[in-house]
Amino acid sequence: MFAENDPRLSQLLDGIVRLASGDLRSRIEVSPARDELDAIIMGTNLLAEDLQIIYEELEQRVAVRTQLLHEAHVEMQKMAMEDALTGLANRSALLSALKSAQGDGAEDEPPVILLLDLDAFKSINDTFGHTAGDQVLVTVGERLRDAVRSTDVVARLGGDEFAIVMPATGIDQATIVGHRILAALEQPIELHDRSIRCGASLGLSVGDARQGPEEMLMHADVAMYASKAEGLNRLHIFEPGLLLVRRLRTQLLDDLRTALKGEGLVMHYQPVVELATGRIEGVEALIRWNHPTRGLIMPDEFIPLAEEAGLISELGLWVLKNAVEQLRRWIADSVVDSRFSVRINISPTDLQSLQFIEDVRCVLKETAVPPDQVVLELTEMAIVKGNELDRYSLSGLRGLGVGIEIDDFGTGYSSINYLRTLPVDRVKVDRSLIVGLGTDPTQSALVAAILQLIRACGLEAVWEGVETAEQAEHLRSLGCLSAQGYYFSRPLPPEQIPALVAAQSSKAT
Ligand code: C2E
Ligand code: MG
Ligand code: MG
């Protein structure tokens, strides 16, 4: 037995307190007595030993787990900063690269951001499929990386939009790089047995210390849009004036969306005249926009906008419904007879969508107008550049019984052979081909030749843009059948058409 005042007791207590406070390395000294108290002390030491081992193992496990977590975090961060398809940086990586480029030495040249959008990507995707589209994106990514320094950050922002941050570069050097990129992307891309060309539109913006990365990116975007508006394969440098253009455009688009849902869009109708008799054989439906503050806006100003903003199908459907419904009313009111047709302009985008054929079918069914009194006008460019799907759509439309006419004929480059194979009935010759008719003697021979060519393909022609009596007379004497133009009538609101038709038909009979 041990004595109550045995000093080992307080040593034991001290030891237990130290262990309890977490000092698992501390041990309690065993005395040479080797009695029961020593046995308790040894037991306590063993317990401390075990605890220490368990604790150390635990610490090791925590360290391993922490390492794993860290690695996963790094991987996730990489994934969050990387575009999976091309392996380029993504939008967030680009923005953070821009931020740090802006922070770099203030005496240095400022960073430049280059934004790039492929010109022909949509049609490549549509024509060759998404796998081919992906390959094009990967190739473009590689070419971009090859065209810049290793310190520049190349990113894909999504779709066919790429961006490059060039730290400490300056606009002159960046412009050189921009042109190098344009040249690189003009080179054909080899895909299996095909060779594809896909140019790009570029926008450059120089950073300044007061700008945030988002603002710089927006400026490059504005410049890129200016390039796109100018045509393919261009490069534009941001200037503040472009912001105003963008603001007006956005405002106009908002207004157009509102107009499509409510009021403001109206159709005007321009007579197509039988040259021999002056009879109005039909009208062309031409859209106008009665803008609440800007007055009447012509289609050349807002159709391209609608096209770009993806509103064209909605607009096309609106026109289709409106014009065919107008025809239905004229037929119901006996304003026009069964030989009278309404011509409706169709955008190339409409031709690309199979839904459009369905829309035409539905509108014809709902209004019950005879399909042969509806003629769809498609531009020559849309038909010539069109793909198999367009051909299919054309045949589908023809199958519904509506007429198909090639608009603005003579502005593109359709070969005679091509004309012969197309499922169309008529061509509308562009007004540029008859400008000098009546004053320039050589023009008459040209018109005669064009007429012969069209007839050789088994088609008929409508001559557009007739402005003078001389032009009308010349066309008539050459044997042309139909014409349209300010000489006969400007495009008119629908309520003025009945009187005009009545007047002409009384003259013609
Ligand atoms: P387009 O189909 O070639 O239409 C003929 C254009 O020439 C019309 O201009 C018409 O007003 C104008 N015009 C008619 N006669 C004469 C003339 O004697 N001299 C001159 N200088 N011009 C004449 P508008 O209405 O401004 O339409 C321009 C273009 O906008 C149209 O060209 C057509 O491509 C497009 N467009 C018009 N309405 C629609 C529509 O409802 N849908 C679609 N997708 N496009 C439309
Ligand atoms: Mg037209
Ligand atoms: Mg035309």
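Glutamate 284 is buried, with a relative accessibility of 3% (buried means under 20% relative accessible area, exposed over 50% and partly exposed in between, with a 1.4 Å probe and protein chains only). Asparagine 345, at 29%, counts as partly exposed. In this predicted model, local features need pLDDT of at least 70 and side-chain atom pairs pLDDT 80 or more, whereas totals for chains, interfaces and linings use all residues. Side-chain values rest on heavy atoms, without hydrogens and water, residues are numbered from 1 along each chain as its sequence is written, and chains are lettered from A and ligands numbered from 1 in the order written.

## Aromatic pairs

Four aromatic pairs are counted (ring centres of Phe, Tyr and Trp, the last by its six-membered ring, within 6.5 Å; planes under 30 degrees apart are stacked, over 60 edge-to-face, the rest tilted). Tryptophan 330 and phenylalanine 340 form an edge-to-face pair, with centres 6.1 Å apart and planes at 85°. Both residues, tryptophan 330 and phenylalanine 340, are buried. Together with Tyr269, Trp330 and Phe340 form one aromatic cluster.

Tyrosine 487 and phenylalanine 488 are edge-to-face because their planes stand at 65°, with ring centres 5.0 Å apart.
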